[in-house]
Amino acid sequence: TTGALLDRGFLVTNLSATDGATNNTIRDVSVTLNRTNTSSVAIQQNVIVTPSSAAGANSTNKYLNLTIRNSYAGIDLNSNTTNPDLACEVGNTTCSAFNSIGDPAVANDIGNGTTQTYGIRATNTSGVKIYNNQVRNVTGSAVQTDGIVLATVLGNSEVSNNIIRGIRNSSTSSTTFLRITILISPFWSS
């Protein structure tokens, strides 16, 4: 599928309540979609069936060395509060290099509409690591707009060595570079 019809570059999901997608690595890829499709997400990890145990979660998956362009949203790790995804990573394996989320030469490259948008979002995850990412040119219009957002993270989660710039909102709605909601767990950020 091409054009505005394609809404995911990569979609990683569990197969059943007891069979999650685990130990997968998506590495050294470029994803270009069409941001006019407000459902488009470059990379999404999601539980489509509520896990009945940790075996049904999508755990220890890695998303490394990425380039993301022209998508409505960047990377979405979406889990379950009862049996969350464990120890997933979004980063670059070279210390001096960064994942590139949003084209530096294109204003409003990620989002640019009236539906919530973000560069990286992790929801209900445990032990997530987000490092060596450059998120830029994320734009919303009268909607929550985030560079990196962690909502209800658990465990020893880490956000480090990220560059966030050019996060814009054309109204007085909330715009954040980094937003974190912690659920009674240790968290480290730099």
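Visitor: How many helices and how many strands does the secondary structure of the protein chain come to?

Guide: The chain has zero helices and 18 strands. This is a predicted model, and the strands are DSSP runs of E with at least two residues.

Visitor: What share of the residues of the protein chain counts as buried?

Guide: Of its 190 residues, 50% count as buried. The word applies under 20% relative accessible area. The accessible surface of the chain comes to about 8,100 Å², and carbon and sulfur atoms own 51% of that area.

Visitor: Why is T117 called buried?

Guide: T117 has 0% relative accessibility. The cut-off for buried is under 20%, so T117 with its 0% counts as buried. T117 is found in strand 10, residues 117-123. Leaving aside residues up to four places away in sequence, T117 touches Y72, A73, I110, G111, V138, T139, G140, Q144, T145 and D146.

Visitor: Why is L154 called buried?

Guide: The relative accessible area of L154 is 17%. Buried means under 20%, therefore L154 at 17% is buried. L154 sits in the loop between strand 14 and strand 15 (157-160).

Visitor: Why is N23 called exposed, and why is N161 called partly exposed?

Guide: N23 has 59% relative accessibility. Exposed means over 50%, so N23 at 59% counts as exposed. N161 has 39% relative accessibility.

Visitor: Where do N23 and N161 lie, and what is phi near in N23 and in N161?

Guide: N23 is in the loop between strand 1 (8-13) and strand 2, and its phi is near 60°. N161 is in the loop between strand 15 and strand 16 (163-169), and its phi is near 55°. For N23 this is a positive value in a residue other than glycine, and the description holds for N161 as well.

Visitor: What makes strand 4 mostly covered?

Guide: Strand 4 spans residues 62-69, and six of its eight residues are buried.

Visitor: How do you know that strand 2 and strand 4 pair?

Guide: Pairing needs at least two bridges found by DSSP. Seven bridges join strand 2 (residues 25-32) to strand 4, so the two strands pair. They run parallel, and R27 stands opposite L64 in strand 4.

Visitor: Which strand do three bridges join to strand 4, and which strand pairs with strand 4 over two bridges?

Guide: Three bridges join strand 4 to strand 7 (residues 89-91), which run parallel. There L64 stands opposite G91. Strand 8 (residues 99-101) pairs with strand 4 in the parallel sense over two bridges. At least two bridges are required, so the two bridges between strand 4 and strand 8 meet the definition. In strand 8, S100 is the bridge partner of T67.

Visitor: How many bridges join strand 10 to strand 14?

Guide: Six bridges join them, and the two strands run parallel. I120 has I148 in strand 14 as its bridge partner. Strand 14 is mostly covered, with eight of its nine residues buried.

Visitor: How many residues does the largest nonpolar core have, and which have the most contacts inside it?

Guide: The largest nonpolar core has 28 residues, and those with the most contacts inside it are Y63, I75, L77, I120, I130 and L150. Strands supplying at least two residues each include strand 2, strand 4, strand 5 (73-78), strand 10 and strand 14. Beyond residues up to four places away in sequence, L77 touches Q45, Y63, C88, V90, R121, A122, T123, T125 and V128.

Visitor: Is C88 buried or exposed, and is C95 buried or exposed?

Guide: C88 has a relative accessible area of 4%. That value is under 20%, so C88 is buried. C95 has 70% relative accessibility. That value is over 50%, so C95 is exposed. A search of the whole structure finds zero disulfides.

Visitor: What percentage of contacts between residues at least 6 apart in sequence join residues at least 24 apart?

Guide: In the protein chain, 83% of those contacts do.

Notes. Residues are numbered from 1 along each chain as its sequence is written. This is a predicted model: local features need pLDDT of at least 70, side-chain atom pairs count only at pLDDT 80 or more; totals for chains, interfaces and linings use all residues. Side-chain values use heavy atoms; hydrogens and water are left out. Buried means under 20% relative accessible area, exposed over 50%, partly exposed in between (1.4 Å probe, protein chains only). Helices (H or I, at least four residues) and strands (E, at least two) are DSSP runs, numbered from the N terminus. Contact means heavy atoms within 4.5 Å. A nonpolar core is a set of buried Ala, Val, Leu, Ile, Met, Phe, Trp, Tyr and Cys residues joined through side-chain atoms within 4.5 Å. Accessible areas come from the Shrake-Rupley method with a 1.4 Å probe; for residues, only the protein chains shown count as cover. A disulfide is a pair of cysteine sulfur atoms within 2.5 Å.
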